[in-house]
Amino acid sequence: MHIVVCKDYEEMSRRAAEIVAEQVKKRPDGLISFPGGDTPLGMVHVFADMVNEGKVDISRTHYVSLDEWVGLSNEDEGSCGLFNQQNLLSRLQHPFAGTHIINGAAEDIESERVALNDYISQYGPLDASVLGIGMNGHLGFNENGVDFDLDAHIIPLSETTLQVMTKYFGEKFHPTQGISQGIRQIMAAKTVILIANGAHKAEILKKAVHGPVTNEVPASVLQNHPNCYVVADEAAAALL
């Protein structure tokens with residue numbers, strides 16, 4: 001693991017975006033993936049700005065979303081799809097060659113899972129996979145106890161995730177499952193960038209980086225990745 005400690009959220013966001021841009025320059029016709037949520041927001045904006053300023057060319061690059069709440073479409077507030085649309089795709093003055101945004105509200109969610117696998121198979125493996133780390137160590141919706149050999153899958157949400165999700169939905173939605181890229185696909189990525197900020201992530205980040213590799217802390221599997229960057233602000237990296 002390459003540990004990159006940044007002084008604050010802004011530096012973390014910039015450095016993570018720069019690493020992605022470096023991978024795109026190495027393979028312009030590759031595939032990249034970003035998560036949704038509070039932690040990657042700054043990174044996504046910086047990356048979009050880099051594209052708009054001509055610092056990175058994505059005209060041949062494909063993009064795939066990481067995960068989605070089952071039952072939510074990209075028009076639903078709090079969905080990963082809406083995050084992608086508002087914070088990445090609509091900001092780009094020069095679009096990706098192609099995108100695949102998971103539709104959690106698909107009538108046939110199994111077909112949606114297959115479509116996610118197919119897109120990654122067609123344009124992948126991932127060149128750059130950006131990931132946040134959940135309070136329970138999840139990556140995407142690869143929750144505690146997940147099978148590391150899975151590709152895209154549908155999984156029940158953990159109790160920790162169910163508690164955290166209220167900040168996105170309040171009482172409006174109550175999803176109980178997620179659809180996500182699998183650990184096998186993440187580990188096949190040429191470069192993985194794990195981002196974390198804030199003191200509340202310090203303990204789980206320590207477990208992921210220095211603890212045993214176990215599916216009870218799914219992010220710990222990244223210790224086995226040949227080119228993983230951990231990009232964290234000083235507060236999140238305090239225990240490393």
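This briefing describes helix 4 and the cysteines of the structure above. The model is a predicted one. No disulfides are counted in the model.

- The N-terminal end of helix 4 is capped by aspartate 108, which places a side-chain oxygen 3.2 Å from the backbone nitrogen of glutamate 110.

- The buried residues in helix 4 are Glu112, Arg113, Leu116, Asn117, Tyr119 and Ile120.
- An α-helix has 3.6 residues a turn, so residues three or four places apart point the same way.
- Ser121 and Gln122 are exposed, on the face of helix 4 turned away from its buried side.

**What covers the buried side**

- Among the elements covering the buried residues of helix 4 are strand 2 (31-33), strand 3 (62-64) and strand 5 (98-100).
- The cover also includes strand 7 (153-156), strand 8 (177-180) and helix 7 (183-187).

**Cysteines**

- A disulfide requires two cysteine sulfur atoms within 2.5 Å, and the count by this rule is zero.
- Cysteine 6 is in no disulfide, as the nearest cysteine sulfur, that of cysteine 228, is 14 Å away.
- Cysteine 6 counts as buried because its relative accessibility is 1%.
- Cysteine 80 is likewise buried, with a relative accessible area of 9%.

How values were computed. Residues are numbered from 1 along each chain as its sequence is written. This is a predicted model: local features need pLDDT of at least 70, side-chain atom pairs count only at pLDDT 80 or more; totals for chains, interfaces and linings use all residues. Side-chain values use heavy atoms; hydrogens and water are left out. Buried means under 20% relative accessible area, exposed over 50%, partly exposed in between (1.4 Å probe, protein chains only). Helices (H or I, at least four residues) and strands (E, at least two) are DSSP runs, numbered from the N terminus. Contact means heavy atoms within 4.5 Å. A polar contact is a pair of N or O atoms within 3.5 Å; within protein, one must be able to donate a hydrogen and the other to accept it, and residues adjacent in sequence count only if both atoms are side-chain atoms.
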